[in-house]
Structures are given as structure tokens and as C-alpha cells.
Amino acid sequence: TVSLTEEYNGTSWSESGDLSTARVGLLEQDQTASLVFGGSTDGSSGNRTTATEGYDGTSWSSRPSLATARRIGGGAGLDTTALYHGGFTTTDISLTEEFNVSVTETTGSAWASGGNLGTSRRYISGCGTQTAIVAFGGFKPGAGDETELYNGSSWSEVNNLPEIRYSGATIGTAQTDYIIASGQAPGGYLTNSVRYDGTN
């Protein structure tokens, strides 16, 4: 596991400040206002961490820790209002935690419990804001095609993906308009992309 951070400017990569806690399977957000949380310090299920760190575009600093140590869940939102849902402890879980912190109070707030996912899973893709997030696909075990929407307090299941997949990359920030690209399915890796319009 490594603590390295690199920034991309549209053409090339450059090294920036390192994380305090080296880990894998963590979640992150925007380049100049990022929040990373959870993960595993050695890649195994037994060394999960609750560590949360915030990035200001140059360096990382400690933030309030997750209530539940886990890795490879789904994350979305901003550095001040993030959401971490699902993931893996010793089994797949449905737990959702919400992070709330004001711009000027970066160390005084904490994670709070949110509504649980309808389907426990890991390797979830997703995007949106804390009160309007879409989560899709995942591994439970076995790849899934479930899609769920979060309204700030609870999840509801909507139309499924056209094929089962997990670990897909997401493009977009709106709950009603995003693209999932690539990913993995039981038969191997996927190269196609699909777009969600808020209904299908």
C-alpha cells in the first residue's frame, strides 16, 4: 500500500502531498477539495481503517473518522458533505454514513448514520450530491445490476442496469444524468458505456 498523491492538469501528472495513512480501497472526490475515507492499510479485509483525511489542493489533514471501518464501498458528494455507502467488513454491508462539515469548521463535525442500502454490496459505482445520489451495480458476492437512489435519508430501488457489472467508472454529478463506463462482469471486463436519464 502507498500514500502517494498525484494531480492531473489535463496533460500530465505531478506529485503532491502524501496521505498520512497509506491504504487501498478508499474513496475520494474533487482535486482541490477532496475527502478520502476508509480502505485497508495492507489490502486485506482484516486491516480496515476508519481514517478520514481532507485535501486542500496541496496537503492532507486529519478529519473525523468513520464509525465503521470498511473498504471498497461506494462514495459520492463533496469534501464537506460526503456519503459512504455499502462496502466490505468481514461481509458485504448495507450501512450508509453521512459526513457533514462547514467550510470553516473542518475538524469539528463527524459521520452520522444514514439510511441503509436495499442490497448489501461492495465495489459500488455512483455519483451525485449527499441528498441526491445514485448507486448502481456492485458485488454481493456475484455482480449485480441493482440501481438505488438516495434522497438524503433513505434509498429506493429503481430500474436496473441493462447488464450486471461492478467497479465501473462514473461521469457526471447529477442523479438524473450520468454515464457508467467500463467495469467488470462475471465473464470479464466490459468496454461499453451506458447512460442514465433519471428513469432508464
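**Notebook: aromatic pairs, a sheet and a core**

I began with Tyr166, which is buried, with a relative accessible area of 13%. Buried here means under 20%, and I keep in mind throughout that the model is predicted.

**Ring pairs.** I then went through the aromatic rings, for which the count comes to 10 aromatic pairs. In one of them, the ring centres of Phe136 and Tyr178 are 4.7 Å apart and the planes meet at 10°, so I noted this pair as stacked. Since planes under 30 degrees apart count as stacked, the 10° between Phe136 and Tyr178 qualifies. Phe136 belongs to strand β11 (residues 132-136) and Tyr178 to strand β15 (residues 177-181), so this pair ties together parts that are 42 residues apart in sequence. I looked up both accessibilities: Phe136 is buried at a relative accessible area of 1%, and Tyr178 is buried at 2%.

I returned to Tyr166 for its partner, Phe139, and found an edge-to-face pair with 5.2 Å from centre to centre and 70° between the planes. Phe139 sits in the loop between β11 and β12 (147-150), while Tyr166 sits in the loop between β13 (155-158) and β14 (169-174), so that the pair links distant parts of the chain, 27 residues apart.

Elsewhere, I found Phe37, Tyr84, Phe99 and Trp111 linked into a cluster by ring pairs. Tyr84 also has Arg70 lying over its face, at 4.4 Å from the ring centre.

**Sheet.** I next traced an open sheet of 3 strands, in the order β14-β15-β18, with antiparallel pairing. Its edge strands are β14 and β18 (193-196), each of which pairs on one side only. On average, and with direction ignored, neighbouring strands of this sheet are turned by 10° against each other.

**Core.** Which residues make up the largest nonpolar core? I listed 9 residues in all: Cys127, Val134, Phe136, Leu149, Leu161, Tyr178, Ile180, Val194 and Tyr196. At least two residues of this core come from each of β11, β15 and β18. In soluble globular proteins, nonpolar side chains tend to be buried together.

Definitions and conventions
Residues numbered from 1 in each chain as written. Predicted model: local features only at pLDDT ≥ 70, side-chain atom pairs only at ≥ 80, totals over all residues. Heavy atoms only, no water. Phe/Tyr/Trp six-rings, centres within 6.5 Å; stacked < 30°, edge-to-face > 60°. Helix = DSSP H or I, 4+ residues; strand = E, 2+ residues; numbered from the N terminus. Buried < 20%, exposed > 50% of the residue type's maximum accessible area, 1.4 Å probe, protein only. Lys NZ or Arg CZ within 6 Å of the ring centre and 35° of its normal. Pairing = 2+ DSSP bridges. Axes fitted to C-alpha atoms, helices over the stretch in contact; angles between N-to-C directions. Core = buried A, V, L, I, M, F, W, Y, C linked by side-chain atoms within 4.5 Å.
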